[in-house]
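Welcome! Take a moment to look over the sequence and the 3D view, then try the exercises before reading the solutions.

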Amino acid sequence: MGLKEEKHWLTIDLLTKVGRNDPCPCGSGLKYKKCCQNKEILTLEDIKTLYSNQHNIRLKERGDIEGIRKSGSLVLATLDLVELKIRPGMITEEINTLVHDFTIKNGATPAPLNYRGYPKSVCVSVNEEICHGIPGERVLKDGDIVNVDVTSILDGYYADANKTFFVGTPGTDVRKIVGVAGESLRIGMEAVQPGNKTGDIGWAIQRYAEGEGCSVVREFVGHGVGFEFHEAPQIPHFGRKGEGVVLVPGMVFTIEPMINLGKKDLRILKDKWTVVTVDRSLSAQFEQTVLVTEDGYESLTPFEV
């Protein structure tokens, strides 16, 4: 898994905009025209250096990918446990306890805990809460939806995924927003191909979600992950096709569209974390950690959407 030594479409002209007299992106200190302008093939090391220098993106090698995949398996097991336990009458703090205890029991660390001051081990967002809901005394009711966002650190590697669950019996609007959010993630992942750009992902999601009469949150985006909780690049869930950073094998990032049943506008509550829809409409989200491969993508936190 990872980059092959030769890939004819991987040229500096394709991967970055650089003028003949600009410093060469490879970091040699020479002008581009005196260095890599006529290089037809980029090796693995060329691409790693280029992406590090130009975009601060750290490509993952085989061992890194296996580490992230292992962490991802724990994240999925954690979400499966939560899904088994969710019920009307449960308070969101109980979800935090489940996630925290299960993560520690399996030799990992919950990444959200104390991250930039966040006080809990998981984000739990209910109904109109878009993201970053702090677990507490809120009681889950029949017909609610609840998004549970889990990030684990296992053997130094981070993996990140979330699901929106039904609480009890879902109504029509609940089914719609959860369905659109899940399909938005699937469509976004299908846009991941080497040679495509980050903007292609957002364009595909926005086109679908807005076509279903929903809106896409702009202020929060997907992100690189693996060595750290949040890395480059950012992955917007809206945008224009053909814009952004070229996707290359070895990139690992999250796709995590936040889809609102009403308008896209949001506000942050007094706790400085919980994000809600301004119009109090329902919001749902699904997230997976995705690897760009030689011929497409692989989810390192795979589940059906």
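Predicted model: local features only at pLDDT ≥ 70, side-chain atom pairs only at ≥ 80, totals over all residues.

**Exercise 1.** Find where Ser-121 sits in the chain, and decide whether Ser-121 is buried or exposed.

*Solution.* Start with the strands on either side: β1 covers 109-110 and β2 covers 123-126, and Ser-121 belongs to the loop between them. Next, take the relative accessible area of Ser-121, which is 3%. Buried means under 20%, so Ser-121 counts as buried.

**Exercise 2.** Which residues does Ser-121 touch, leaving out those up to four places away in sequence? Which side chain joins that of Ser-121 in a polar contact of 2.8 Å?

*Solution.* First, list the neighbours: Asn-96, Val-99, His-100, Pro-110, Pro-112 and Leu-113. Then look at the side chains: His-100 is the polar partner of Ser-121, at 2.8 Å.

**Exercise 3.** Work out the strand order of the two open sheets that contain β6 and β3, and name their edge strands.

*Solution.* Begin with the sheet of β6. Its three strands follow the order β6-β10-β13, with antiparallel pairing. Two bridges link β6 to β10 (residues 258-260), and Val-216 has Ile-259 as its bridge partner in β10.

Now turn to the sheet of β3. Its order is β3-β12-β11, again with antiparallel pairing. β3 (129-131) and β11 (266-268) each have a single partner strand, so one side of each lacks a neighbour in the sheet. Ignoring direction, neighbouring strands here are turned by 40° against each other on average. Finally, β3 pairs with β12 (residues 275-277) over two bridges, and Glu-129 finds its bridge partner in Val-276 of β12.

Note on methods: Residues numbered from 1 in each chain as written. Heavy atoms only, no water. Helix = DSSP H or I, 4+ residues; strand = E, 2+ residues; numbered from the N terminus. Buried < 20%, exposed > 50% of the residue type's maximum accessible area, 1.4 Å probe, protein only. Polar contact = N/O pair within 3.5 Å; in protein donor to acceptor, adjacent residues only side chain to side chain. Contact = heavy atoms within 4.5 Å. Pairing = 2+ DSSP bridges. Axes fitted to C-alpha atoms, helices over the stretch in contact; angles between N-to-C directions.
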